[in-house]
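Hi,

Here is the structure I said I would pass on.

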Amino acid sequence: MSQQTTTEIYTAPRTDVAQNQGKFRIHFNFPGRNHPDHEDHGYGPLATVVESFMDPDTLIGMHPHRNEEIVSWVPAGVMRHDDRRGNDLVTDSEHVMAMNAGREFWHAERTDADDPPLRMLQIFVRPHSLDLDPDIQHEPLPDPVDGEWRRVFGPEGSDAPVTVRNEVDLYDLRLDEGDEITLPERAGRDTYVYVFEGAATVDDATLAETESALVVGDGTATLTAEDDAIVVAFLIDPDAPVTRQGTIGR
């Protein structure tokens with residue numbers, strides 16, 4: 001743990017919670033476990049951040065989700081989605097998808113034989129209420145600008161590309177080696193940082209690829225790229241009302 005003004009930084013190594021289903025592999029990152037005094041594996045409305053791998057020609061058959069908000073962030077490659085509403089969607093580096101499962105939403109995921117191997121994040125957010133109306137959002141993302149945070153999703157009612165039904169925002173960033181930037185911040189929010197690619201430091205806390213940091217408090221923290229890096233940062237209201245009956249994101 002390191003400190004700057006009233007900010008506390010709690011780091012975690014690569015998660016050891018994983019499932020290997022052959023052509024589909026997942027690693028569960030639990031932001032609440034970064035904090036030694038936090039009893040919940042999630043942190044407020046952010047339940048889990050899942051690093052997912054799909055080989056070419058992989059099908060995850062039709063299955064339901066309930067009472068969770070699932071955002072698919074794909075920095076490269078493609079994730080193909082279809083559902084019982086007749087949607088046939090492709091999520092890639094130019095698009096983001098939010099599946100607001102509500103009382104129930106059935107979908108399938110796949111990669112085609114000529115698709116590249118896929119590594120993505122699927123973010124599970126706890127909604128503020130149970131059995132909300134199901135919905136799906138699939139929208140273009142603004143073009144990324146190196147060295148600038150890009151908003152990927154935000155709470156309902158915000159102007160983010162897609163929205164979730166609780167108080168969480170996601171930003172992503174591509175930062176060249178040696179460059180630095182202040183973490184996103186907002187009054188009443190804590191920040192969960194995950195290094196998807198490369199390496200970075202948050203103040204004096206070093207994070208390798210797939211490692212994370214939970215930044216708590218009202219101070220300002222600086223992210224510095226130790227290698228060319230792709231980083232995501234979640235702004236979380238830890239006191240937001242949550243439900244915990246999701247299919248996966250409990």
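Predicted model: local features only at pLDDT ≥ 70, side-chain atom pairs only at ≥ 80, totals over all residues.

Arg14 is partly exposed, with a relative accessible area of 33%. Its side chain meets that of Glu51 in a salt bridge, 3.0 Å from N to O. This pair links distant parts of the chain: Arg14 sits in the loop between β2 (7-12) and β3 (18-20), while Glu51 belongs to strand β5 (residues 46-54), 37 residues apart.

In general, side chains of opposite charge can pair when their charged atoms come close.

Another one to click on is Asp40 with Arg126, where the closest N and O atoms are 2.7 Å apart. Asp40 lies in the loop between β4 (24-29) and β5, and Arg126 in the loop between β12 (118-125) and β13 (135-140), so this bridge ties together parts that are 86 residues apart in sequence. Are these two buried or exposed? Asp40 is buried because its relative accessible area is 16%, under the 20% cut-off. Arg126 is buried too, with a relative accessible area of 0%.

Then there is Glu104 with Arg66, whose side chains meet in a salt bridge at 2.4 Å, N to O. Glu104 is in the loop between β10 (95-100) and β11 (105-111), and Arg66 is in the loop between β6 (58-65) and β7 (69-73), so the parts tied together here are 38 residues apart in sequence. Glu104 is partly exposed at 33% relative accessible area, and Arg66 is partly exposed at 35%.

Some of the charged residues also join up: Arg80, Asp82, Asp88, Arg110, Asp112 and Asp115 form a network of salt bridges.

On the annotation side, an unreviewed UniProt entry lists residues 43-125 as "Pirin N-terminal". That stretch is 0% helix and 63% strand, and its end C-alpha atoms are 10 Å apart. The unreviewed entry also lists residues 153-234 as "Quercetin 2,3-dioxygenase C-terminal cupin". Here the chain is 0% helix and 56% strand, with the end C-alpha atoms 10 Å apart.

Last, take a look at the surface. A negative patch is formed there by Asp146, Asp176, Glu177, Asp179, Glu180, Glu197, Glu226, Asp227 and Asp228. Among them, Glu180 is found in strand β17 (residues 180-182) and is exposed, with a relative accessible area of 57%.

Cheers

Notes
Residues numbered from 1 in each chain as written. Heavy atoms only, no water. Patch = residues over 30% accessible without salt bridge, like charges linked within 9 Å, V, L, I, M, F, W, Y side chains within 5 Å. Areas by Shrake-Rupley, 256 points an atom, 1.4 Å probe, with all protein chains shown as cover. Salt bridge = Lys/Arg side-chain N within 4 Å of Asp/Glu carboxyl O. Lys, Arg positive; Asp, Glu negative; His and termini not counted. Charge placed at Lys NZ, Arg CZ, Asp CG, Glu CD. Helix = DSSP H or I, 4+ residues; strand = E, 2+ residues; numbered from the N terminus. Buried < 20%, exposed > 50% of the residue type's maximum accessible area, 1.4 Å probe, protein only. UniProt positions renumbered as here; feature names shortened; annotations may be inferred.
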